[in-house]
Amino acid sequence: MPGAPDPLYVAARRALLDALEAIREHLDALVLVGAQAVYIHAGEGDLAVAPYTTDADLALDPAILGPEPLIQDLMARAGFWRSGSEVGVWTKSVMVEGVARSMVVDLLVPQAVGGLGRRGARIPPHDDRAARKVSGLEGALIDRERRRIGSLDSQDDREFEVAVAGPGALLVAKMVKIGDRAEVPGRGEDKDALDVLRLLQAVPTDDLARRLGVLRGTDLSRAVTNRALIQFEEMFAERRGLGSRMAARAAAPLEVEETVAGAAEALAQDLLDALRRAEEPGASP
């Protein structure tokens, strides 16, 4: 184990639990996505780089979300606020080692079910700025499983059972996010690429291929999954690919960059081979 969780990651989990507690009446409509969901599946993994994030991402399923109570009222009562024109970005002040830090919980709706409008999800009667539309999360409404999410702080005994996006849905979401920002990658995108590698390392290849096959075979998620897999092959199928290099940068200096890039290439090739086999005539579903 790389060591105790970073205090900011502990605070991010605390903020997530605060949000789950605040909107627990809509708990069945929530799906944990993003880095915290990746770490649920991947754990510490084989990397020397400890899991780390400073925010939390929750997807909303409009088909399950009830009309009351209003999300914006629940979040405000729990001490979260939105700044200016922000959409779906809920901030809360959390004490971290004696210093007040702002932690963010993003409320998101997959773009395909987010209704009209450019950014804000249309989930009436909830406010148009309560959650924002994001492309790439469609698979989280299909590939998901119930998990118990607890605190990383021994003094906090809260725990919630909530849907967590599955590894297939998370890989798609990460690839869409990386692909959308590939022209100007930064440390955030490098970390997203490392999260892709964590999934490749932690999840059996055949299981990951099966989940992606389901997403490719479902109307809601087909287009975005195919787009993500094209980007995945371009970026990770060789060690000089942009995704492999991004993951290597994120792991440095604790890991040897060439070793990380090589691992990304090998695991990506394994997954792509498994997906091709699944498409062959007579292959088992």
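Contact here means heavy atoms within 4.5 Å. Keep that in mind for the close-ups, and note that this is a predicted model.

**View 1. Where helix α8 meets helix α9.** On the α8 side, the residues taking part are Ser244, Ala247, Ala248, Arg249 and Ala251. Across from them, α9 brings in Glu257, Val260, Ala261, Ala264 and Glu265. Sorted by class, this contact of α8 with α9 comes out as six nonpolar, one polar and three charged residues.

**View 2. How α8 and α9 cross.** Helix α8 covers residues 242–251 and helix α9 covers residues 257–279. The two pack at an angle of about 140 degrees, and their axes sit 8 Å apart. That angle makes α8 oblique to α9. As for handedness, the crossing of α8 and α9 is right-handed.

**View 3. The largest pocket and its centre.** Now over to the largest pocket, with a volume of about 640 Å³. Its lining is made up of 26 residues. If you're looking for the ones nearest the centre, go to Asp57, Lys174, Lys177, Arg181 and Asp192.

**View 4. What lines the largest pocket.** Helices and strands both show up here: α2 (34–42), β2 (55–60), β4 (99–110), β5 (132–134), α4 (167–180) and α5 (187–202) each give two or more residues to the lining. Helix α4 gives the most, with six residues. Split by class, the lining of the largest pocket has 11 charged, nine nonpolar and six polar residues.

Methods: Residues are numbered from 1 along each chain as its sequence is written. This is a predicted model: local features need pLDDT of at least 70, side-chain atom pairs count only at pLDDT 80 or more; totals for chains, interfaces and linings use all residues. Side-chain values use heavy atoms; hydrogens and water are left out. On a 1 Å grid over the protein atoms alone, a cavity is a set of points where a 1.4 Å probe fits but cannot get out, and a pocket is an open set with protein on both sides within 12 Å along at least five of seven lines; lining residues have an atom within 4 Å of a point. Grid points are joined across faces, edges and corners, and a volume is the space filled by probe spheres set on the points. Helices (H or I, at least four residues) and strands (E, at least two) are DSSP runs, numbered from the N terminus. Ala, Val, Leu, Ile, Met, Phe, Trp, Tyr, Cys and Pro count as nonpolar, Asp, Glu, Lys and Arg as charged, and the others, Gly among them, as polar. Axes are lines fitted to C-alpha atoms, for helices over the stretch in contact, and angles run from 0 to 180 degrees between N-to-C directions. Angles under 35 degrees count as roughly parallel, over 145 as roughly antiparallel, 65 to 115 as roughly perpendicular and the rest as oblique. A crossing is left-handed if the near helix is turned anticlockwise from the far one by less than a right angle, and right-handed if clockwise.
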